[in-house]
Amino acid sequence: MTPETERTLELDSKYHAPLYRRLKICLVKGSGTRVWDSEGREYLDCVAGIAVNNVGHCHPKVVEAIRRQAGEFIHCSNLYYIEPQARLAQKLVEMLPREIEKVFFCNSGTEAVEAALKLARKASGKPGIIAMEGSFHGRTFGSLSVTGQEKYRLSFEPLVPGVKFVKFGDLQSLANALDDTIGAVILEPIQGEGGIVVPPQGYLQSVREFCDENGLLLIFDEIQTGMGRTGAFLASQRIGVVPDIVCMAKGLGGGFPIGVMAARGEVMDSFQPGDHASTFGGNPLACAAALAALEVLEEEKLVEKARETGRWAMQKMEKIKLTHPSQVTDVRGLGLMLGLQMASERIAQEVFDQCLKERILVNRTAGTVIRLVPPLSISRDELSRAFSCIEQGLSSIR
Ligand SMILES: *Cc1c(COP(=O)(O)O)cnc(C)c1O
């Protein structure tokens, strides 16, 4: 390790809150599907900033849009009209399902969920929410309150009251939780942090019907599944179900922080001036970055690419599972949101270590799941390299 890198590690451990379990790697540069560390080593990136760099690292169009906008105007506040914000709002509404007519901008995933929870209360007039076991919606108090994983909640209770958790993928469990305090249901169409959990076929359709029958608002958290990740702009568009409220963030800004909470027109219109706001939300720079990222998504047909490469990848993963049945117990995913369920944490760690040795970045989530969420532009050859490496890791374990 160079003295400069050692210095970075030292400064971090001395001055930064002890919140991250970081790998001892300092990344300094990215381009497309590749990143480089401070020692000059190149990596194939199948993490993409955790499903953020969907259009690839430092896409020239995104870089240029940020440069140009930074020279014009970086921030002015929502006391005034902001031209790139208005254009981004229009662009998003055009890409979202027809029923989703209005958007609110913020700066992250958790903020998009906070906005959705407040809107759900205001629009339904009810405080209660049904959320899913195993879900992840963020780490601020509202979003944490609907996150169905003990490990994130521990030490921070009491959280926002009125949340009931039900089994993801189980309609009976949902029906049993209904009472007259409940105004909305929130879920990820495919659970991300929870381990790439795909619900049974027809489940989201049935949840939609259940919400309609009982006058509940349906909130989809597409913070990870959105922006083309699953082979449609939203996973719910691929599955064919329209929510009342939808949250996006992660990939939306081409790597730049931005979040959005979008809703049916009549639902959003239950908000009045002052009900909610964000100082930075929808600032010129973030909106210029997102507009450029959306253009790249369309021009390079990345949504279609994610769908095709994803279909091929699932077949490869099925083969890996067949070859290593005692180690790989399940493979799951849609588009380029892929997960290999390992039989133990030790196996997942071995596979992770082997990939890192070969300079392929993958992610381990929910303890035992190897998660691949690469840039949507990744080639089959590149993904093949990652899969070979995973197999090598599996073969080396006895
Ligand atoms: C990452 C993520 C969040 C939280 O986003 P932040 O930008 O980290 O606040 C919320 N929901 C889902 C589904 C996510 O994947």
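Residues are numbered from 1 along each chain as its sequence is written. Because the model is predicted, local features need pLDDT of at least 70 and side-chain atom pairs count only at pLDDT 80 or more, while totals for chains, interfaces and linings use all residues, and side-chain values use heavy atoms, with hydrogens and water left out.

## Strands

Helices (H or I, at least four residues) and strands (E, at least two) are DSSP runs numbered from the N terminus, and two strands pair if DSSP finds at least two bridges between them. Strands of a sheet pair through backbone hydrogen bonds, either parallel or antiparallel.

| Pair | Sense | Bridges | Residues standing opposite |
|---|---|---|---|
| E7 (residues 182–187) and E8 | parallel | four | Val185 and Leu218 |
| E8 (residues 217–221) and E9 | parallel | three | Ile219 and Ile245 |
| E9 and E10 (residues 259–264) | antiparallel | four | Ile245 and Ala263 |

For what follows, buried means under 20% relative accessible area, exposed over 50%, and partly exposed in between, with a 1.4 Å probe and protein chains only. Five of the five residues of E8 are buried, and both of its faces are covered, with Leu217, Ile219 and Asp221 on one side and Leu218 and Phe220 on the other. Strand E9 (residues 245–248) is likewise covered on both faces, where Ile245 and Cys247 lie on one side and Val246 and Met248 on the other, all of them buried.

## Helices and selected residues

Helix H13 (residues 302–323) has 22 residues, which at 1.5 Å a residue should span 32 Å, and its end C-alpha atoms are 31 Å apart, in agreement with that value; the expected span is 1.5 Å times one less than the number of residues. Among the buried residues of H13 are Leu302, Val303, Trp312, Met314, Met317 and Ile320. The buried residues of this helix pack against helix H12 (284–299), strand E11 (328–334), strand E12 (337–342) and helix H15 (380–395).

Contact here means heavy atoms within 4.5 Å. Thr5, in helix H1 (residues 3–15), is buried, with a relative accessible area of 3%. Leaving aside neighbours within four places in sequence, Thr5 is in contact with Cys26, Ser38 and Glu39. Ile66, in helix H3 (residues 60–72), counts as partly exposed because its relative accessibility is 23%. With neighbours within four places in sequence again left aside, Ile66 is in contact with Phe256, Leu285 and Ala289. Ile66 and Ala262 are 196 residues apart in sequence and 24 Å apart in space, C-alpha to C-alpha.

## Backbone features in loops

A cis peptide bond, with omega about 5°, joins Glu157 and Pro158, and Pro158 is found in the loop between helix H7 (150–153) and strand E6 (163–166). Cys58, a residue other than glycine, has a positive phi near 45° and lies in the loop between helix H2 (48–51) and H3. Met227, also not a glycine, has a positive phi of about 60°; Met227 is found in the loop between E8 and helix H10 (235–239), and at 1% relative accessibility Met227 counts as buried.

## The second largest pocket

Rolling a probe the size of a water molecule over the atoms shows where empty space is left. On a 1 Å grid over the protein atoms alone, a cavity is a set of points where a 1.4 Å probe fits but cannot get out, whereas a pocket is an open set with protein on both sides within 12 Å along at least five of seven lines, and lining residues have an atom within 4 Å of a point. Grid points are joined across faces, edges and corners, and a volume is the space filled by probe spheres set on the points.

The second largest pocket has a volume of about 680 Å³. It is lined by 26 residues, of which Asn78, Gln85, Val103, Phe104 and Phe105 are the closest to its centre. Helix H4 (83–95) and strand E4 (100–106) each supply at least two residues of this lining. The lining residues divide into 13 nonpolar, nine polar and four charged, where Ala, Val, Leu, Ile, Met, Phe, Trp, Tyr, Cys and Pro count as nonpolar, Asp, Glu, Lys and Arg as charged, and the others, Gly among them, as polar.
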